[in-house]
Amino acid sequence: MLQVFEARLFELVTGEIGSELVAGRIVMAISFREEVLEHSWYAIEWWCQRRIFIGNCYVVSLAMKIRRFPEVRSVELKWKPHFADFNLVPDGWGGYFYPWICEMARVYPLLEEIKLKRMVVTDECLELISKSFKNFKVLVLSSCEGFSTDGLAAIAANCRHCCMLFASWNLRELDLRESEVEDLSGHWLSHFPDSCTSLQSLNMSCLASEVNFSALQRLIARSPNLKTLRLNRAVPLEKLSTLLHRAPQLVELGTGAYSAEIRPNVYSNLAEAFSRCKELMGLSGFWDVVPSYLPAIYSVCSRLTSLNLSYATIQSPDVTKIVTQCPNLQSLSVLDYIEDAGLHALSLSCKDLRELRVFPSDPFVADANVSLTEQGLVAVSEGCLKLQSVLYFCRQMSNAALTTIAKNRPNLNCFRLCILEPRAPDYLTLEPLDNGFGAIVDHCKQLQRLSLSGLLTDLVFEYIGNRAKKLEMLSIAFAGDSDMGLHHVLSGCDSLRKLEIRDCPFGDKALLDNVSKLETMRSLWMSSCSVSLGACKRLSQKMPRLNVEVIDEQGDLDSRSDNSPVEKLYVYRTVAGPRLDMPSFIRNMDQNPTCRRYSLEKLFSE
Amino acid sequence: MVRSSIVTLYITSQSFPYTHSHYQLLSITIIPTKMSSEASTITSEPPTTAVVSIGSLSTNDTELTLGLPGGNSRKSGAKRTFSVTTDLKLGGTDRSSLECSVVRRSPSSKEQVVGWPPVRSYRKNMAKSGCKYVKVAVDGAPYLRKVDLELYSGYQQLLSSFEDMFSCFAINNVMEEMKLMDPVNGTEYVPTYEDKDGDLMLVGDVPWKMFVESCKRIRLMKNSEAGSSGMYKSQLT
C-alpha cells in the first residue's frame, strides 16, 4: 500500500512538551554508540513514548514509530520548507500526509492529537482521521492545503459515527489556521451532531464561504468549554453579538467582517455583548473595519494581552486609539497604517509588549503610502522593555537606527526585518547595513531567529558568524558579495539549524568547504544562487546522510552540464535515504541510494 | 444582435529564462484585429492578437480586457511589467493553454520577483479578496439584481455580466463610451453608481480597483434621464 521507508531515527525537539505530561513521565535519553553514528544529534529522548514531533520531513520512518510507539497520543509534523509560504516551493514538491495517516490509523488507536504544518492533506486523510481514533480530540492544520470543506464535514460528523460505537469521542479543537481550503460550502459545520459538547477551540478564519449561522449558534451554545473561537470573514458583524451572548466565557475571539451599516442598536448590542466577556484576552479578525464600530471593544481593551489588527485597514488615529487603551498588551500585529506616530504611542502605553508584527498594507508599491519608517521601531525598542520578538516591514532603515534598537533591546530573541526594496542601503548614508545588523547580533546575545534585508556585503555575515552563537534560524535574501558570506555563516554559527537563502551570490566553494556543518543542521534552502549541479553531486557523495535535492522546473536536469547553476536546492539530513515521492522536477543527487540503508534492527538492538 | 464573448484563458506561472528571478504570467489581453463599428466582437475567426504581460500577479489583479489593437486598453498606473505580443487562435470559451512565441519587449525599470516581499499568500488573499455584493438597479425593471464585484477583473467584464443578466442589453462600446443598449427600442442605458459619499457617479472614470472599493450600488440609468446632451464628456479609456 505505501512505501515504508527504512527507519532509523528522527529528531525530537525538546521544549515541545507541555505540562500535562507531569505524572508518570518516563524520560529516556538514548545516545547511539560512537561507532554506529558519530554525531551527537542522534540523541533521542522519549517522553512517555507519547508525543512525537518531527521537525523535518522524511527523516522519520513510519516503521520505526510503529514498532516503538504504540502509545502515541500526539503527533506533530512539519513538512515543507518555510519558503513555501512565499511560493518558492513548486506544487507537487511533496509533503503528503496520506501515507502517514494510513499507517497511523492502523497502529495508533489511542491517538488524540494531530498537528500538521505545511502539508498536503486531502479529504481522504480527514475522513480517515474521523473514523480511526476513538479518543481523537485535537486537529490543527497550519498552512496546509489540499482539503475541502467536505473533509471538514467528515471531521465534524465523526462524532456521530463514534458516538454510536464508542462511549466517548469528543472533539476539542479544530484549528485551520491559515490553511488553503477548497470551500465547497458552509454546510460542514452543520455536521457537528447535537451530542458534541466538548469543543474548546474552533478556528475557521481561513474559510471564505458562509457557514450556516444557526448551526454555528447552536454549536457555540452547547459548548460551555469553548475558549477560542475564530470566525471567518463571512460572519456578519450584526450577528456577532448573538454569538458572544452564547459564549461569554471566550478567552480568544476572532471576529468576522467588522463592518455593518451604522445603526445604533447594532452598535449597542455589540458593545454590551463585549462587555459581558470578562475572560476575553485575545482579539483578532477585523476584516473590512468600519471605524465607528471600534469603540464597541473598548470595554475589553484593558484585559487584552493579544491583539491582531493585521487585516484591519484602519488609519493611524483609529489604531492608536485602540492600542493605547491596552496596557496589558503582550502581542500586537498591525498593518503599517499604524505609522510612526501610532508606534510611538504604543511605546508609551504598552509596557508589557513582548511581540510586535507590522505588516505592509501595500507591499508592491515602491513609494511609501504611509508614514511608517525606522523611527517607529526605534520608539518601540525604547519604550517597551520586554520586547523580544519583532517582525517589521518598512521602506527605509539606517545603521544608526539598527544600532539604537540593538542597544535598547539586548533581550531580543527574534528579529525579522524586511525592507521592501531589495538591496536598499542605509537611506541616510547610502552605505550597506552591515554595521547595523552587526550591532544587532553583537548586543542581542540570545538571538535565535534573524531575517536580513537591505544592502548587505560579506561583512555582515562575518559579524553574524562571529557573534550570533545562539542563532538557530537565519533567512537571507539579495545579500552578500561572494562565497565568503556563506562560509562565515556555516563556519561560525554554532547553533544554526535552519538556513534559507534566496538570490545571493553564494556558490560551490562555501558549500563544499562546510559539508559537515550541514549534517548538524535541520535543513538548508538555497534558491537563485550560484550553486552548480556538479557541486550538488559532490556534496551528496561526500555526505551520504544528507538528502541533496535539486529542484528544477525546466525539466532537463539529466542533460545539464555539471557547471550549470541549479534553480533551487534543498538539503536536509536523513537516515532514510532519498524520499520516494519526489516529482519529476526534483532530483536527489545520491548516486547510490541502496548502499545507505541501514537496518533498523541493527541500530536499535545496540 | 452582436455579442461579445470573453475567452477564459488559463494563466500559469512560469519561470522566465532570461533572468535569475522568476516571473509570473500576469495577464492576457485579447485584442480583436477586426473591429466592427458598433461593437467589438471576438469570434473564432479571424485570428486575434493577444498581448501577454508578464510580471507579478500581485501588482494588479489579472484582467481580461477588450481593447483596440496596438494599444494597451488597461490603465497602466504604476505597472512594472513587460509585454510580449503573440498570435492567438481563439476557439470558443474553453480553457486552452497558449502557444506563444514569446517576443520580449523592453522591460520596465523594475521587475517584481516571486515571493518578494515575503508576505504569505494567505495574507495577500485575505487582504484583497472577499465578497463585494452590490445591488444593480435598471430603470424600469421590476426588481433588482446583485453582483459580486470581486468576481470581475474590469469594467468590460462587469458590463458583460449585465448583458447576461438583463438579456435585453448589448454592450455598446464604441471608442470612449461605455453604454448598454436595448436594441428593441434603441434605448440607451448609462451605467452609474453610488459611491461611499452617496454621490451618483459615472461608471468607468476611476481605475477598476478604486471603483470596487467605493461602489455602493449600481444603477443603469436611462439615457434620456442621464442626459445625452453632451453635458458630461466621457473619459473612458
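Student: What makes β15(A), helix α10 and β16(A) a right-handed β-α-β unit?

Tutor: In this predicted model, the unit consists of strand β15(A), helix α10 (residues 339-349) of chain A and strand β16(A). A crossover is called right-handed if, with the strands pointing away from the viewer, the path from the first strand over the helix to the second runs clockwise. The path through α10 is right-handed, so by that rule it runs clockwise.

Student: How do you know that β15(A) and β16(A) pair?

Tutor: Pairing needs at least two bridges. Strand β15 (residues 331-335) and strand β16 (residues 355-359) of chain A are joined by 5 bridges, so they pair. The two strands run parallel, and A:S331 stands opposite A:E355.

Student: What joins β16(A) to β17(A)?

Tutor: There are 4 bridges between β16(A) and β17(A), and these strands run parallel. A:L356 stands opposite A:V390 in β17(A).

Student: Which residues have the most contacts inside the largest nonpolar core?

Tutor: They are A:F97, A:F274 and A:F415, in a core of 193 residues. Strand β17 (residues 389-394) of chain A gives the largest share of this core, 5 residues. Leaving aside residues up to four places away in sequence, A:F274 touches A:L240, A:L244 and A:L253, among others. A second, separate core has 23 residues, including B:V147 and B:F166.

Student: Why is helix α15 of chain A described as largely enclosed by the rest of the structure?

Tutor: Because 7 of the 10 residues of α15 (residues 483-492) are buried. Among them are A:L486, A:V489 and A:L490. The elements that cover the buried residues include α14 (458-467), β20 (473-477) and β21 (498-502) of chain A.

Student: Why is the pair of A:F478 and B:W116 called edge-to-face?

Tutor: Rings pair if their centres lie within 6.5 Å, and planes over 60 degrees apart count as edge-to-face. Here the centres are 5.3 Å apart and the planes stand at 80 degrees, so the pair is edge-to-face. A:F478 is in the loop between β20 and α15 of chain A, and B:W116 is in the loop between β4 (82-88) and α1 (121-128) of chain B, so the pair joins two chains. A:F478 and B:W116 are buried.

Student: How do you know that the charged end of A:K239 sits over the ring of A:F213?

Tutor: The rule asks for a distance within 6 Å of the ring centre and a position within 35 degrees of the ring normal. The charged end of A:K239 is 4.9 Å from the centre of the A:F213 ring, and it sits over that ring.

Note on methods
Residues are numbered from 1 along each chain as its sequence is written. Chains are lettered from A and ligands numbered from 1 in the order in which they are written. This is a predicted model: local features need pLDDT of at least 70, side-chain atom pairs count only at pLDDT 80 or more; totals for chains, interfaces and linings use all residues. Side-chain values use heavy atoms; hydrogens and water are left out. Buried means under 20% relative accessible area, exposed over 50%, partly exposed in between (1.4 Å probe, protein chains only). Contact means heavy atoms within 4.5 Å. A nonpolar core is a set of buried Ala, Val, Leu, Ile, Met, Phe, Trp, Tyr and Cys residues joined through side-chain atoms within 4.5 Å. Rings of Phe, Tyr and Trp (its six-membered ring) pair if their centres lie within 6.5 Å; planes under 30 degrees apart count as stacked, over 60 as edge-to-face and the rest as tilted.
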